[in-house]
Amino acid sequence: MTPAERFRSVWRDPAGYGRSVKQETGRSILGFFCSYAPVELIYAAGILPLRLFGTRGEISLADTHLQSYCCSLVRGGLEDALKGNLDFLDGAVFPHTCDSIQRLSDIWRLNAGFAHHFDAVLPVKLNTQSARQYMIDVLSGFCRELETAFGKQIRDADINAAICAYNQIRKQLKAVYALRSQKPGLFEPSAVHWIMTAAMVMEPAAFLRDITAFLDQIGSSAGDAPQTGRKRLMLAGGICTHPDVYDLLARAGADVVWDDLCTGARYFEGTIAEDAKDPLAAVADRYLSRSVCPAKHADITARGRHLVDAAREQGVDGVVFLQLKFCDPHAFDYPYLKQFLDSAQIPSLLIEIEDQPPPGEQLLTRLETFVDML
Amino acid sequence: MADNQKKHDPAKKAPKIQAVSRMKEIMTNYYIDAKTAREQGKKVAWITSGGPVEPLIAMDVIPVYPENHGAMIGASKMGAQLCEKAEEMGYSRDLCSYARADIADSVEKTGPIGGLPEPDMLVCCNNICGTVLKWYETAARYFNVPLFILDTPFVHREFSDSARKYVLSQIYEYIGFLETHCGTKMDYDRMEEVGRLSVEGTGLWQAVLDTCAHRPAPMTAFDAFFHLALIVTLRGTQTAVDYYRQLHDELNQRIANGVSMVPDEKYRLLWDNLPVWYKTRWLSEKFAAHDAALVADTYTSAWSGMLPDMNGQTFLEAMAETYTKVYINISIDMMFDIVANMIEKYHVDGMVMHSNRSCKPYSLGQYDLRQMIMDRLGVPTLIIEADMVDERAFSESQIDTRIDAFMETLKS
């Protein structure tokens, strides 16, 4: 399997990947839903952190626990757990995220039946000294809980090694994004989405090998890539659970060249100081300084400025907001983010994504209209 | 209407609670005071309903509650109209209707009191939800005023020592924030006095709610929804203490005179979640027609849950834990323990849960909570789907039928 094929296969069946790791190595695996899950610490404990994206199938079992006005990520995640689709997990870690994930943690703990459950109640506020200290305390407490649960001591050296591994991964992902922005024609429309999914699911060392080989190979052909002359777009939102949007945008005559997604650029933003005396503080400092999730609080216009800056830096013609229905933090920020884009004369389009993707043709027409207008 | 359901008989209606007029007077004066703050040279702070108001009172800042305003908008049946306006402004219909209505009214000023007095500063405590964080960020951008966030880590299993340290240090940061923006120093003696009044008022509020443990109950949760206003807005003042003493005396007098709010109280129910503000009268009459009294609720008791365990601490120290462990900042299993206590204390026969589209931290988890209540306590539970302010989310005929069916099972 080529690296590109592997990324695609992991994207198609992340649970299948997790199950094969479990079967082949017997390794402990912890699931997580949020980019504030401290993967470095989990990895340092010898555990594979594996991101969960919610089910792609019908939701039935989760309906007895969650109302219809709860987002599809939370309902779909619970559905997978209750159906046994995540039977390869030893448990999950819930960093404090939003009101819905907060309750999902309770419901999961009470019903999903995994051996382990962790709540890392990180601060919501990220811009004060006391919040920084509290975050370090929570990370430290989480390490102690992992040690107790899995009977393995986590040394600073383990954390530093994990930090280096994830820094490498972030660096390579950044390189992928830079290359795509420069030569979008080199990539299939969804290729980067597959890569990002694989980055959050695969064993880090294995992913690093694959992504490095992928970059070497694609980099060598970069010179031949045609300039597409197509419109350049950026996606904004939380997670993209509807990758068809990449193909539809391609059909509409545009390339996605950048994003401000939790499962996209926000995932690899910021590096962690390596060989720090206090590696937990180093992990915390990345969370405190990288661009903020709307469920967290930093500067009240930081996200708007960040979006406009990224759009300008990448020279995009427009921004498409992918708004997961019932995602409050993102929905609250949308009017102000749009206002910031309007002031910078960057056109934008809002697409609301429900459990089921909107009918392809209807969405295509909207995207075509938007792209034509640019 | 079902055959065994009574026609509403006004002659049989219980005497009104006399304190109501005093409450209206206090609230009117309070809003006049807040509206004329600038003329009086006073500052106005917007604060969340679960936020620590006591330092504001001690600093002579007038606290204003957008959530109380949201409730007024709902009760005035202006919710849908203002929510629609917010939707035109780009706010999704799925967002909290308090926030939508209030954000729209900040611009439109067409609500029941012509818009809230504009804030000089904002104080947001996220012990009730993550929504207030986003709402207050929106307000901070719109009014261009300083915002203080009091971050109270959610309690899934325990209130950790690191969380205690974090919240306590923020309480002092909060006081520093007020000192900066008021240009005066905190008088810590005054602060403790306000704290003492807050504890006293909160205790009296609990005593008021406790009168409903009496069978028949001298008031219902629908009355509690109304009388709640002072413990939210004027906690820490002598006014609130005096008022709740008066109300408590009156309710005890009603008990002594055998006066109950539901004339032939037979069934005692516990309400969960915020009120359906635009339908309180309809719901009150609906349940009364079944001889059912809502004798307690998890919502108004959340403020008496703020009664701190002083344990030799100063009020400010006690505040850290008290404000972090409020009812909706704790896990479902911890909520169950509180509900189980209430069911016993108020001799509850059944529970009515308002699944409130606007309030995810309160509503998500209700299905599990209901299952625990039915399995472990054998108490039947009804869930009605609605919204606290946006009346477009209320299906009267459907809810009417469901309440009838639920009451039939209780009666059988």
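Colleague: With which residue of chain A does B:K360 form a salt bridge?

Modeller: This is a predicted model, in which local features need pLDDT of at least 70 and side-chain atom pairs count only at pLDDT 80 or more, while totals for chains, interfaces and linings use all residues; side-chain values use heavy atoms, without hydrogens or water. Residues are numbered from 1 along each chain as its sequence is written, with chains lettered from A and ligands numbered from 1 in the order in which they are written. A salt bridge here is a side-chain nitrogen of Lys or Arg within 4 Å of a carboxyl oxygen of Asp or Glu. For B:K360 the closest N and O atoms are 2.8 Å apart, and the partner is A:D328.

Colleague: How many salt bridges cross the interface of chain B and chain A?

Modeller: Over all chains, the rule gives 53 salt bridges. One that joins the two chains pairs B:E173 with A:K125, at 3.8 Å from N to O. Across the interface of chain B and chain A, the count is six.

Colleague: How much area do chain B and chain A bury between them?

Modeller: The size of an interface is often given as the accessible area lost when the parts come together. Buried area is taken here in that sense, with a 1.4 Å probe and summed over both parts. Contact (heavy atoms within 4.5 Å) takes in 53 residues from chain B and 46 residues from chain A. Of the area buried between the chains, 57% is on carbon and sulfur atoms, and the total is about 4200 Å².

Colleague: Which helix gives the most residues to the side of chain B that touches chain A?

Modeller: Helices (H or I, at least four residues) and strands (E, at least two) are DSSP runs numbered from the N terminus. Several elements of chain B supply at least two residues each to this side, including α5 (97-108), α6 (131-143) and β4 (147-150). With eight residues, the helix that gives the most is α6(B).

Colleague: Is A:H65 buried or exposed?

Modeller: A:H65 is found in the loop between β2 (48-51) and α4 (72-83) of chain A. The side chains of A:H65 and B:D368 are joined by a polar contact of 2.8 Å, a term for a pair of N or O atoms within 3.5 Å where, within protein, one must be able to donate a hydrogen and the other to accept it, and where residues adjacent in sequence count only if both atoms are side-chain atoms. Buried means under 20% relative accessible area, exposed over 50% and partly exposed in between (1.4 Å probe, protein chains only). Because its relative accessibility is 12%, A:H65 counts as buried.

Colleague: Which residue meets A:D210 in a salt bridge?

Modeller: A:D210 counts as buried because its relative accessibility is 9%. The pair links distant parts of the chain, 204 residues apart, with one member in helix α9 (residues 204-220) and the other in helix α1 (residues 3-12) of chain A. At 2.6 Å from N to O, the partner of A:D210 is A:R6.

Methods. Buried area is the accessible area (1.4 Å probe) that two parts lose on being put together, summed over both.
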